[in-house]
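The model is shown below.

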Amino acid sequence: MQKIIEKKELNNFVKSLMKNYEVIAPVKRKIARFEILKNPEDMYLDEITLVPLKQFFLPENETLFDFKNNKIKKNKTEGRKRIVFGLRKCDLNALLVLDRVMSYPEYIKKRQNTILVGLYCEKPDEFCFCNSMELEEHYDLFFYASGDKYYISIGSKKGALLVRNLDNADKEVKKEIKNFKKLENKNIEKDYSNKKWDEDVEKCLSCSACTVFCPTCNCFDIQDVKELSENSGKRIKTQSSCQLKSFSEVAGGKIFRESRASRFKHFVYHKIVFYNKRFNKYMCVGCGRCLRACPTRIDWVETINSIKSKKGDKK
Amino acid sequence: MTYEPSEAKIISVKKYAEDVKLFKVKTKINPLPGQFFQLSILGIGECPLASCSYNKKYADVLVKNSGSVTNTLFNLKKGDGVFIRGPYGRGYNFKEIEGKNLVLAAGGTGIAPVASLIDYIEQNRKNFGEIKILFGFKDESFILLGDRIERWKKKFDFTLCLDKYAGKLKYEVGLLPDILKKKKINSENTCGVLCGPEIMMKSATAKLNSVGIKNDKIYWNMERRMECAAGSCGRCLIQDLYTCKDGPVFRYDIIKEKLENESAK
Amino acid sequence: MNLQNKNNSKLKAGIFGISGCSGCLLSILFEDTFKKINDLLEIKSFPLIKEDKYKGDFDIVFIEGTVVFDDDIIFLDEIRKRSKIVAALGACSCFGGVPSIKNFKDDEKTMRFVYPKHNHLKSEKPTPINLHIKVDYYLPQCPPNKEEIVSFVNHLASGTQFKNCQDPVCMECRKKGNACLLEEGELCLGPVSNGGCSALCPSNGVGCYGCRGPSKDANMNAYTANLKKRGYNKKSIKDKMETFAGLSFEEEMEKDSKWLGK
């Protein structure tokens, strides 16, 4: 059964959560992003965030362990209890995508310590195509706005505990997200060498904005940072991107994915084909952040649609 | 899985060439032939390497001085500590290659995983048919594992190829694939095992194809930038395949098209 | 190059400036930077802070500034002979820097504008130091990145490979979650410039000037076409590119940009 809360009570509800948890929610600072909430009034729920949630699970730089005088010092993972509020269906599914590939203890601990509260997407924009990506229902709590109330679906015991003091709903409110954009066909494995891709590749600056803002891009680098004078340092995991030449470079200087075309297509194909082959799920969650962030407005979704419509083998 | 390595001691160091040394490292990780491990030096970084011996007590690490880690490693001595985690990946698929005749061809430091496989073959000789081995090096001063090669020469059909050699007719002179072309190879029930630069593996594959050994009987050992070794970091992806998890040994029919796609301009 | 010496003594270093503003030398003097590199190097010469009486050889020399006068070249030749390694410090030394803006202007007009009364002065062409001597390492940026200097010295002292950041400024900028300045109506060279500066300017609302030089992987053609679409003219883009690394950007342009190149 769903729970209900008056919309005007939302800030008080969030404030009550902030007593026991670190609450992370969307805010708008020039662009919308997730931040640790200091004040419930800062919450900005009107549009999808451009910056995804992932840095709270996969920080830009994360210490794996410290060392001194050639001895490893174990890294203490702190277990702060957190709630993320205002996650859209795409954001929630992005975490499921990451769960299948990230297996190191720091990530798992952060996932276990975080309660996920979703929010129905009222206004998908012209870049959203989440309905094409076969997303799952995954949340601890999920808020549907209706009139002056939120109807709250409960997805887990952890979620149920948070709303146990709220009233039960008199009816059930569930809505499907309406998209303007659609990825018509995901069966693109044989289209890798299609000439249509060249137009996108020509526009690509290899600036890596798509991968940085993608909520499921998780590629990283492991580096050592050293304080030579103190004979100490740390091994860190740092965010990287398949769009960079340095990404596939090995000792001796050989770059295995050197051409811009192979790098660009690697991004698209990883999202739609490669990951799917392994896990039978799409890596792309259809949030459209890569399209929104692209400075040259590359729209690979349209490229796929046009490849497919030309052939006339639409599904 | 954790990215935390454990300490291992260097038992001995042997220099084979100007830029190649063999480090015997005491470790219990026990990699199978073709598997790899991450060897690291705190403060410098990690480097994926394969053992060139097959045994449970130590790893024989053939190191070419070509990057930051290997450069530092090069200056280490007996008794020094390094850090190691592994083993990772899939090595040679014994279900597929046991009971077969094998053509093993490798060049330079690429001989490491193949040498480990030869160790395994020596220990389980009855499980394999006819063995033909070709190792290629730049010139006489770059011959690696020379002591073991002497032993193998007595046991197997072993050919040592040198790109350049002016002395007596002790070796075959020329690029490994060219020498392979001259060899008589019985294609029946035969698998090819290759390790070296891709261009060398490619022309060696063409030769094996020409005598009737199909791509699904040829194994390539791939070099990619493996960082996490857990299928997370994405760096070693060859399209949908992780070199660190699905490889580094791949059957050529499986990766052929993927490699062609990736290297397309 | 492996400079590790067997008796574990510190590397002998010299820190010099030729024609320039000394800002790069000053950035070495910042307390934390200086302390860290002083732990690892034996600074034999640093004329900015101490009279230079050292006549011996160096393991490493840092050079700031642009080559403008003949004296600069004589000095560089001498230093090159005395040092195993030469590192170009700052945008001027690496690319010609701000002084090289002059290369893109009408010589006569510029002379008359700057020195209206001194007709006897000869105009020189400012150039980066690698046109005159072999340079082993580059530490670009204006002023240079203190962390990069320390990391470079760390690598040098431990005998490990040092590599400049080859990724575009955008990578670092986007990782910080900045709003894209191009979208905000600022002319920004981020997509075609080398990073390594933690996107310092864009993070503070100033479009990138490319003071770490053009990225080797820059798609100049797509970039300039995009700027054209956004309403920028050739002059505004060229002016921006010519600020710190004009000579290098010009080279890249000729290779790749249909619109801006010659």
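## Burial and overall form of chain B

A residue is called buried when its relative accessible area is under 20%. The model is a predicted one. By that cut-off, 61% of the 265 residues in chain B are buried. The accessible surface of chain B is about 10,800 Å², and carbon and sulfur atoms supply 51% of that area.

Chain B contains seven helices and 15 strands. Its C-alpha trace extends about 50 × 45 × 40 Å along the principal axes. The radius of gyration of chain B is 18 Å, which agrees with the value near 18 Å for a compact globule of 265 residues. Of the contacts in chain B with a separation of 6 or more, 68% join residues 24 or more positions apart.

## Charge in chain B

Chain B carries 44 positive and 31 negative side chains. The centres of these two sets are 4 Å apart.

## Aromatic pairs

Over all chains, the whole structure holds 34 aromatic pairs. One of them is the tilted pair of A:Phe13 and A:Phe143, at 6.3 Å centre to centre with 45° between the planes. A:Phe13 belongs to helix α1 and A:Phe143 to strand β8 of chain A, so this pair ties together parts 130 residues apart in sequence. A:Phe13 is buried at 9% relative accessibility, and A:Phe143 is buried at 0%.

In chain B, B:Tyr54 and B:Tyr120 form an edge-to-face pair, 5.4 Å centre to centre with 65° between the planes. B:Tyr54 sits in the loop between β4 and β5, while B:Tyr120 is in helix α3, 66 residues apart. Both tyrosines, B:Tyr54 and B:Tyr120, are buried.

Ring pairs also join A:Phe57, A:Tyr104, A:Tyr107, A:Phe220 and B:Tyr3 into a cluster.

Methods:
Residues numbered from 1 in each chain as written. Chains lettered and ligands numbered in written order. Predicted model: local features only at pLDDT ≥ 70, side-chain atom pairs only at ≥ 80, totals over all residues. Heavy atoms only, no water. Helix = DSSP H or I, 4+ residues; strand = E, 2+ residues; numbered from the N terminus. Rg over C-alpha atoms; globule rule 2.2 N^0.38 Å. Buried < 20%, exposed > 50% of the residue type's maximum accessible area, 1.4 Å probe, protein only. Contact = heavy atoms within 4.5 Å. Areas by Shrake-Rupley, 256 points an atom, 1.4 Å probe, with all protein chains shown as cover. Lys, Arg positive; Asp, Glu negative; His and termini not counted. Charge placed at Lys NZ, Arg CZ, Asp CG, Glu CD. Phe/Tyr/Trp six-rings, centres within 6.5 Å; stacked < 30°, edge-to-face > 60°.
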